[in-house]
Amino acid sequence: MNDVAATVFDLTRPTDDQLQQLAADLTDEERHVLLEHGTEAPFCGVFLHEKREGVYNCRLCGLPLFTAGDKFESGTGWPSFTTPFAEDHLTYIRDTSYGMIRTEIVCARCGAHQGHVFPDGPPPTGERYCINSVSLAFTANGDPLPDKLDRGAPEGEPLPG
Ligand SMILES: [Zn+2]
């Protein structure tokens, strides 16, 4: 877990108007993944080799979802993390599509699809959060967090570190 506690972020769901405005800025691929629960092709995501310290935010609403320090090289071709930024920033949904039982992860604030979590990750959690690059935006330490919903600090403020 990150030093920035989950409770300081406003997790109130955006209004339908706000969601429509946010979705209007998406590319076709981003829309497919985030809103239609799609999956990007492996080994082509922009964050696969991102090594800087910082946080990964929901591409749609800007909520921090993962911390760079929890990213690991899974070899799967998708950005992978051992733990979320904060447990209550994600919603876990049982997904039985394609004849498999998986746990889908969506942003707890806006509901945008992120990926899946699997029980075969490395220590310390043993979990593998397998995420689509197009579902994420990156904020490096020292850069301001996005504040797409005008929620105010800590959103829109420089990320400590
Ligand atoms: Zn979101």
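## Close-up views of a predicted model

**View 1. The neighbours of cysteine 130.** Start here, in this predicted model, with the contacts of cysteine 130: leaving out residues up to four places away in sequence, it touches Thr76, Trp78, Ser80, Gly115, His116 and Phe118. Cysteine 130 belongs to strand S8. Is cysteine 130 buried or exposed? With 23 other C-beta atoms within 10 Å, where 20 or more are needed, cysteine 130 counts as buried. In an unreviewed entry, UniProt lists Cys130 under "active site".

**View 2. Strand S7 beside strand S8.** Strand S7 covers residues 113-118 and strand S8 covers residues 128-131; the two run antiparallel and are joined by four bridges. To find your place along the pair, look for phenylalanine 118, which stands opposite arginine 128 in S8.

**View 3. The open sheet.** Now step back to the sheet itself. What is the order of the six strands? Reading across, the order is S3-S4-S8-S7-S6-S5, with antiparallel pairing in an open sheet. Strand S3 (71-72) and strand S5 (90-95) are the edge strands, each pairing on one side only. Strands of a sheet pair through backbone hydrogen bonds.

View 4. Six bridges link S5 and S6 in the antiparallel sense, and leucine 90 stands opposite cysteine 107 in S6. The two strands make a hairpin with six residues between them. In the turn, take a look at tyrosine 98, which has a positive phi of about 60 degrees.

**View 5. The largest nonpolar core.** This core has 33 residues, and Cys58, Leu60, Cys61, Leu65, Cys107 and Ala112 have the most contacts inside it. Helix H2 (28-36), strand S1 (54-58), strand S2 (64-67), S6, S8 and strand S9 (136-140) each supply at least two of its residues. For a closer look, pick leucine 60: apart from neighbours within four places in sequence, it is in contact with Leu22, Leu34, Cys107, Cys110 and Ala112.

**View 6. The annotated span.** UniProt, again in an unreviewed entry, places the feature "domain: MsrB" at residues 19-141. How far apart are the end C-alpha atoms of residues 19-141? They lie 27 Å apart, and the span is 12% helix and 33% strand.

Terms used:
Residues are numbered from 1 along each chain as its sequence is written. This is a predicted model: local features need pLDDT of at least 70, side-chain atom pairs count only at pLDDT 80 or more; totals for chains, interfaces and linings use all residues. Two strands pair if DSSP finds at least two bridges between them. A nonpolar core is a set of buried Ala, Val, Leu, Ile, Met, Phe, Trp, Tyr and Cys residues joined through C-beta atoms within 7 Å. A residue is buried if 20 or more other C-beta atoms lie within 10 Å of its own, exposed if 12 or fewer, and partly exposed in between; C-beta atoms are placed from the backbone. Two residues are in contact if their C-beta atoms, placed from the backbone, lie within 7 Å. UniProt positions are given in the numbering used here, feature names are shortened, and annotations may be inferred rather than shown by experiment.
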